[in-house]
Amino acid sequence: MNDREALVSELVGDRADTWDLTGLIPAEPLRKLGEAGLLCGELPEQYGGLGLSSLDNGRFTAHVGSLCSSLRSVMTSQGMAAWTIQRLGSAQQRADHLPRLTSGTLAAVGFSEPGAGSDLSAISTEIRPDGDDVVVDGRKVWVTAAHYAHLLVIFGRYGDGAAAVLVPADAPGVTVERVADPMGCRAAGHAGIRLDSVRLPRGHVLGGAGAALTMLVTAALSYGRMSVAWGCVGILRACLAAASRHAKSREQFGRPLAQHQLIGGHLADLLVAEQTATRVCEHASHRWDEGSPDMVTAAVLAKHVGATQAAAAAATAVQVLASAGASDGHVVARAYRDAKLMEIIEGSNELCRLMLAQHALSVSG
């Protein structure tokens, strides 16, 4: 275990179940991880980040995901915000805002709306120029980490194209309403955001304003998909570890569960799922670090494989532990709920399959 993993293990300890039950991560671990640059580890060192490769950051993300998917979700949100500013922001915007994300400021990214989920082309939030300012009106839903965030990265319509704008969470006209009792990742700070005539200096609009919406959101979503995929590897590892421990210690019919072939088959399935997701994520991170043209598709594949494997594996782990894992807050009970959300966020299973099918057709010749 490296220093990064040791720090997050110490901060989480045995508290993940409590965070899940209360729906809140305390401010102190978020502050410490943020100030250590661990919430957006790929950010270059010039901005106070660690400059990690996608592969190294992915492995760290998997470790966080094995401990607490809610914390990993906050980490994904912070990384998406940093990546969006890094990719779309001007040199001045990067210098002004990126160091904040490694010094305790928390961020959230708003895509989805009441009428725009998988179909982000239906986004109706408006970013309207008005002299030296812009005025933002709209509504966002299910924004991860918005409950904790100091800075909101909001995507919306801008003239005939689209833009991303940096909105302080305490700006006049901003209302953040926490999602009550989410099914999974209960402590991830999911919230809805209302933006009522929020006036901001035009310099808060990131570069690329007026470009096609698809082009702007792809960069942020690709980062998010990579992070979710590696987080699912963590869920798989937590399920494999919990199921294996239980199968070795629990006895039925005069022998440990692990010695019953059907249970052994479940454990084998869990191992195959964890290894499959890990290798697909490693492949995607290698493509990301190489700047390969197929990095976007590799991220979709990793996210889809990771999420589907994690959801199936969590159900298997619950089956192995039975009543021992059925209590609210237990690691496999959390995994069962959290993994299901992974099949929806950052591109549902169905949307991922459509994108992968389009890729298959494009390369089939």
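The legends below describe close-up views of a predicted model.

Local features are reported only at pLDDT of at least 70 and side-chain atom pairs only at pLDDT 80 or more, whereas totals for chains, interfaces and linings use all residues. Residue numbers start from 1 along each chain as its sequence is written, and side-chain values rest on heavy atoms, with hydrogens and water left out.

View 1. The largest pocket has a volume of about 900 Å³. A pocket is an open set of points, on a 1 Å grid over the protein atoms alone, with protein on both sides within 12 Å along at least five of seven lines; lining residues have an atom within 4 Å of a point. Grid points are joined across faces, edges and corners, and a volume is the space filled by probe spheres set on the points. Of the 36 residues in this lining, Ser112, Gly117, Leu221, Glu346 and Gly347 lie nearest the centre of the pocket. Two or more lining residues come from each of helix H5 (69–88), strand S3 (133–143), helix H7 (213–249) and helix H11 (349–363). Helices (H or I, at least four residues) and strands (E, at least two) are DSSP runs, numbered from the N terminus. H7 gives the most to the lining of the largest pocket, namely seven residues. By class, this lining comprises 18 nonpolar, 13 polar and five charged residues. Here Ala, Val, Leu, Ile, Met, Phe, Trp, Tyr, Cys and Pro count as nonpolar, Asp, Glu, Lys and Arg as charged, and the others, Gly among them, as polar.

View 2. Glu346 is placed in the loop between H10 and H11. Its phi is near 50°, a positive value in a residue other than glycine. Most residues other than glycine have a negative phi. Glu346 counts as buried because its relative accessibility is 16%. Buried means under 20% relative accessible area, exposed over 50%, and partly exposed in between (1.4 Å probe, protein chains only).

**View 3. The second largest pocket.** About 230 Å³ of space lies in the second largest pocket. Its lining consists of Trp83, Arg87, Leu88, Met215, Thr218, Ala219, Ser222, Trp288, Gly291, Met295 and Val296. H5, H7 and helix H9 (295–321) are the elements that give two or more residues to this lining. The largest share, four residues, comes from H7. Seven residues of the lining are nonpolar, three are polar and one is charged. Domain 1 (3–101) and domain 3 (214–363) each contribute at least three residues to the lining of the second largest pocket; the domain bounds come from an automatic or database domain assignment.

**View 4. The largest cavity, between domain 1 and domain 3****.** The structure holds four cavities of 30 Å³ or more, and the largest cavity has a volume of about 70 Å³. A cavity is a set of grid points where a 1.4 Å probe fits but cannot get out. The lining of the largest cavity includes Gly65, Ser66, Leu67, Cys68 and Ser69, together with Ile235, Ala238, Cys239, Val331, Arg334, Ala335 and Asp338. Helix H4 (54–67), H7 and helix H10 (331–342) each supply at least two of the lining residues, and H10 gives the most, with four. The lining divides into seven nonpolar, three polar and two charged residues. Both domain 1 (3–101) and domain 3 (214–363) give residues to the lining of the largest cavity, so the cavity lies between them.

**View 5. Strand S1 beside strand S4.** Strand S1 (residues 107–110) and strand S4 (residues 151–158) run parallel and are joined by four bridges; two strands pair if DSSP finds at least two bridges between them. Val109 stands opposite Val153 in S4. From S1, Ala107 and Val109 point one way and Ala108 and Gly110 the other way, and all are buried.

**View 6. Cys185 in a loop.** Cys185 is found in the loop between strand S6 (174–178) and strand S7 (191–201). Although Cys185 is not a glycine, its phi is positive, at about 45°. With 1% relative accessibility, Cys185 counts as buried.

**View 7. Leu7 in helix H1.** Leu7 lies in helix H1 (residues 3–12) and, at 28% relative accessibility, counts as partly exposed. Leu7 and Leu38 are 31 residues apart in sequence, and their C-alpha atoms are 9.7 Å apart in space.
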